[in-house]
Amino acid sequence: MQLRADTALRERAARVIPNGMYGHQATHLLPPGFPQFFSSAHGARIRDADGNSYIDLMCAYGPNLFGYADPEIDAAYIGQLRLGDTMTGPSPLMVELAERLTARIGHADWVIFCKNGTDATTMALEVARATTGRRKVLTAYGAYHGSAPWCTPVKAGTLPEDRAHLPHFLYNDIASLEAAVAEAGTDLAAIVASPFRHDAFFDQEEPTADYARAVRALADRAGALLIVDDVRAGFRVARDCSWSKLGVAPDLSSWGKCIANGHPISFLAGSDSARKGAEAIYATGSFWFSAAPMAAALATLDRIENSYYLERLNDLGNRLRRGLDTSAARHGFSLKQTGPVQMPQILHAEDPDFARGFAFAEEMLARGIYLHPWHNMFLNAAMTETDIDQVIAAADDAFPALRERLSTLAPHPGVVALMSSVAG
Ligand SMILES: *Cc1c(COP(=O)(O)O)cnc(C)c1O
């Protein structure tokens with residue numbers, strides 16, 4: 001695999017972009033040889049700056065739900081772009097999209113549109129505090145809610161004061177949550193729940209319905225709001241808020257990533273229990289009212305409501321999980337495949353420093369499959385059974401190559417540094 005163009009771009013980037021790249025896009029957190037730059041993407045595939053094509057199991061870290069460059073969704077986007085996008089005021093589409101989303105999301109009576117998931121989670125805290133007049137917001141240890149000072153996993157440049165009044169509890173552990181609620185006392189504004197545990201580096205963990213009901217009951221008893229951060233999982237595991245599957249309705253839910261199939265829009269949804277707070281805060285952004293992403297979101301919603309995409313993602317995900325397990329076993333390996341099948345986390349047994357995961361990802365990349373060694377992945381509805389079988393065939397070829405490398409594997413310095421900074 002040639003990465004000449006990519007290498008040249010990295011050299012230029014190193015001079016004009018901090019560290020050459022930042023945040024989750026920094027490929028120094030990935031195995032050596034992973035491309036940093038991509039030139040195009042269609043359906044299930046991405047093409048790097050050197051022209052190598054991969055089946056992409058990351059789906060842009062979530063935003064791509066129906067395949068890259070979906071013709072219908074992109075036509076809606078481009079059509080509105082030509083009519084008017086970022087204008088002095090919003091387009092009528094804003095009201096239509098708000099009506100459609102509040103009709104679709106069971107608990108939602110209103111929405112505020114924004115651009116990134118972090119906008120929506122940060123606003124959720126403000127709305128909860130404005131609604132209750134209280135300060136404390138509980139989040140689970142290790143849960144990702146964005147990159148603002150209150151929630152960024154890397155603390156450089158932030159103050160302890162940014163995280164004041166934000167105590168933690170253990171996900172899926174009622175006793176730990178009860179203790180945190182008791183400690184917050186009458187100052188508890190909200191509990192933030194991830195729909196399931198989807199932390200980087202860890203096996204994913206689905207909550208029980210008992211746990212979800214307990215979270216709701218604890219919030220109610222304390223007079224606090226329940227926030228579900230559905231930025232990553234929203235519309236990928238349900239056609240409603242993810243906790244609707246467990247029969248639990250939050251007061252607030254944050255959404256982003258796939259809601260316009262890759263076009264930039266996110267939103268905070270709320271029930272009437274939180275409307276006063278939503279009306280009290282000052283929320284806005286230069287691009288929050290842009291019309292073209294709203295047109296794309298409407299087209300995406302059409303597809304969510306009128307196709308079997310969810311069932312399809314489930315079938316594809318089950319096929320992938322079964323096929324990889326069979327292949328791993330055939331070659332004497334064991335994978336830890338966790339979470340909803342359409343959002344798979346694939347870690348390796350006996351791999352505390354992720355050295356096996358990194359080597360496996362390298363071997364898969366060399367065989368045309370882009371997968372991630374420590375972050376959960378995403379399937380999209382443009383993938384076919386043939387694509388999934390191609391991934392499994394690549395794994396079947398990659399495992400023997402991994403076996404050959406086992407005695408020479410070493411921990412990757414980038415991931416060691418990231419893990420320790422997150423832990424600290
Ligand atoms: C990605 C993500 C966010 C932040 O969204 P951005 O669009 O990156 O700001 C918040 N919460 C969860 C669960 C996420 O996965």
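Two strands pair if DSSP finds at least two bridges between them. On that basis, this predicted model contains an open sheet of 7 strands with mixed pairing, in the order β4-β10-β9-β8-β7-β5-β6. A separate entry in this briefing concerns an open sheet of 4 strands, ordered β1-β2-β3-β13 and likewise described as mixed in its pairing. The model also holds a ligand, whose surroundings include Asn116, Tyr144, His198, Asp229 and Lys257.

- Strand β7, spanning residues 188-193, is mostly covered, with 6 of its 6 residues buried.
- Strand β5 (residues 136-140) pairs with β7 in the parallel sense, and 3 bridges connect them. Within β7, Leu188 is the residue that stands opposite Lys136.
- Strand β8 (residues 225-229) runs parallel to β7 and is joined to it by 4 bridges. Val192 stands opposite Ile227 of β8.

**Strand β9 and its neighbours**

- Strands β8 and β9 run parallel and are joined by 3 bridges. Ile227, which stands opposite Val192, has Leu252 as its bridge partner in β9.
- Towards strand β10 (residues 266-270), β9 pairs in the antiparallel sense over 4 bridges. Here Ser254 has Leu268 of β10 as its bridge partner.
- In a regular strand the side chains alternate between the two faces of the sheet. In β9 both faces are covered: Leu252 and Ser254 lie on one side, Ser253 and Trp255 on the other, and all are buried.
- Ser254 belongs to strand β9, which covers residues 252-255. Ser254 has a relative accessible area of 0%; the cut-off for buried is under 20%, and therefore Ser254 is buried.
- The side chain of Ser254 makes a polar contact of 2.9 Å with the side chain of Asp229. Asp229 is also one of the residues surrounding the ligand.

- The residues around the ligand are Asn116, Gly117, Thr118, Tyr144, His145, Gly146, His198, Asp229, Val231, Arg232 and Lys257.
- By class, this shell divides into 2 nonpolar, 6 polar and 3 charged residues.
- An N or O atom in the side chain of Asp229 is 2.7 Å from a nitrogen atom of the ligand.
- An oxygen atom of the ligand lies 2.7 Å from a backbone N or O atom of Gly117.
- At Lys257, an N or O atom of the side chain is 2.6 Å from an oxygen atom of the ligand.
- On its own the ligand has 380 Å² of accessible area, of which the protein covers 87%.

**Sheet of 4 strands**

- In the sheet ordered β1-β2-β3-β13, the edge strands are β1 (38-42) and β13 (369-370), each of which pairs on one side only.
- Strand β3 (residues 53-56) and β13 pair in the parallel sense, with 2 bridges between them. Asp56 stands opposite Tyr370 of β13.

- Most residues other than glycine have a negative phi, and most peptide bonds are trans.
- Cys59 is not a glycine, yet it has a positive phi of about 50°. Cys59 is located in the loop between β3 and α2 (71-83). With a relative accessibility of 0%, Cys59 counts as buried.
- Phe235 likewise is not a glycine and has a positive phi, of about 65°. The loop between β8 and β9 contains Phe235. Phe235 has a relative accessible area of 1% and is therefore buried.

Technical notes:
Residues numbered from 1 in each chain as written. Predicted model: local features only at pLDDT ≥ 70, side-chain atom pairs only at ≥ 80, totals over all residues. Heavy atoms only, no water. Buried < 20%, exposed > 50% of the residue type's maximum accessible area, 1.4 Å probe, protein only. Near = heavy atom within 4 Å. Polar contact = N/O pair within 3.5 Å; in protein donor to acceptor, adjacent residues only side chain to side chain. Areas by Shrake-Rupley, 256 points an atom, 1.4 Å probe, with all protein chains shown as cover. Nonpolar A, V, L, I, M, F, W, Y, C, P; charged D, E, K, R; others polar.
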